[in-house]
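These are my notebook entries on a chain that I had not looked at before. I wrote them down in the order in which I looked things up.

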Amino acid sequence: MNLDASLSAPARRARRIAGLGLPVLGVAGGAYVLRRPLMMSAPQCMAGQWHGCFDTFNGVMLMTLVALPLSALVVCALAYRRRAAGAASAWRLSLAEVGMVHGTVPFVWLILMPGAEPGVAPARVSLVPLRDLVTMGTLGITGNLLVFASLGAFAPVRFTALASLPRILALGAGCSVLVETAQYVLRLDRVSSVDDVLVNTAGAVLAGLASRRWWRTPARAEADRERPEPAPVG
């Protein structure tokens, strides 16, 4: 039995609002808790200065939050364009596309941010599993879990081929290995660690599990293709 089909239109609308509202409340709560460190970079960011804004953790996170309304507008534009073309699941697919980019690019930027002596300090690699976890701390582990969390959550919603846990694991691991390799090759004065790959991949898989009910599985994609186009209004 399809639970969504058995619900009334107001109930389905309420579920959609709740599904969108909870992440917004989570982001707002996190921004409130971190408001003081984030606002430390506000003067440089508002003045358009690169140094002190886009080369700091606080500045990048602040600009990520500031760009949320713009991302929301892009979601709306994509969704209305899809609905005008008669596509099914317009809002879900549009949110997935924008969410993947908005939630992943800032963290990859932070990972590839140079250290104190880029190009001078020797490239460093840590290949012993679980050795670096004890030095990461709670904040470091949480940050690594979030690096590819948006990718793991939204990629299977957008792409049918990725709608399985092994494929999300492979996607998270592949992207993690790629950025760690870039750190080493570009000599950014950062440690390329196997533990970073493990934690980043775990974050992608956990986020994928959280979004599993919205995955664009082959059966759902086929149902979307067979669904009749909505009749024009007016």
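I began with contacts, counted when heavy atoms lie within 4.5 Å, and I noted that among those in the chain between residues at least 6 apart in sequence, 70% join residues at least 24 apart. Before going on I recorded that this is a predicted model, in which local features need pLDDT of at least 70 and side-chain atom pairs count only at pLDDT 80 or more, while totals for chains, interfaces and linings use all residues. I also recorded that residues are numbered from 1 along each chain as its sequence is written, and that side-chain values use heavy atoms, with hydrogens and water left out.

Next I looked up the elements, taking helices (H or I, at least four residues) and strands (E, at least two) as DSSP runs numbered from the N terminus. The chain has 12 helices and two strands, and from the N terminus on I read their order as α-α-α-α-α-α-α-β-α-α-α-β-α-α.

Of the 234 residues in the chain, 32% are buried, where buried means under 20% relative accessible area, exposed over 50%, and partly exposed in between.

For the packing of helices I used axes, which are lines fitted to C-alpha atoms over the stretch in contact, with angles that run from 0 to 180 degrees between N-to-C directions. Helix 5 (residues 57-66) packs on helix 7 (residues 90-111) at an angle of about 165 degrees, and their axes are 10 Å apart. Helix 5 is therefore roughly antiparallel to helix 7, since angles under 35 degrees count as roughly parallel, over 145 as roughly antiparallel, 65 to 115 as roughly perpendicular and the rest as oblique. On the helix 5 side I found Phe-57, Val-60, Met-61 and Thr-64 in the contact, and on the helix 7 side His-102, Pro-106, Phe-107, Trp-109 and Leu-110.

Helix 7 also packs on helix 8 (residues 133-147), at an angle of about 130 degrees and with axes 9 Å apart, and the two helices are therefore oblique to each other. Gly-103, Thr-104, Phe-107 and Ile-111 of helix 7 make this contact with Gly-143, Leu-146 and Val-147 of helix 8.

Which residues does Gly-208 touch, not counting residues up to four places away in sequence? I found Gly-152, Ala-153, Ile-168 and Trp-215. Gly-208 has its place in helix 11 and is buried, with a relative accessible area of 0%. Its C-alpha atom is separated by 7.6 Å from that of Ala-149, 59 residues apart along the chain.

Ser-211 is found in the loop between helix 11 (194-210) and helix 12 (218-226), and I noted it as buried at a relative accessible area of 8%. Leaving aside neighbours within four places in sequence, Ser-211 is in contact with Gly-152, Ala-153 and Val-157.

My last entry is on Ala-123, in the loop between helix 7 and strand 1 (124-126). Ala-123 is partly exposed, with a relative accessible area of 33%, and 8.2 Å separates the C-alpha atoms of Ala-123 and Ser-192, which are 69 residues apart along the chain.

Conventions
Buried < 20%, exposed > 50% of the residue type's maximum accessible area, 1.4 Å probe, protein only.
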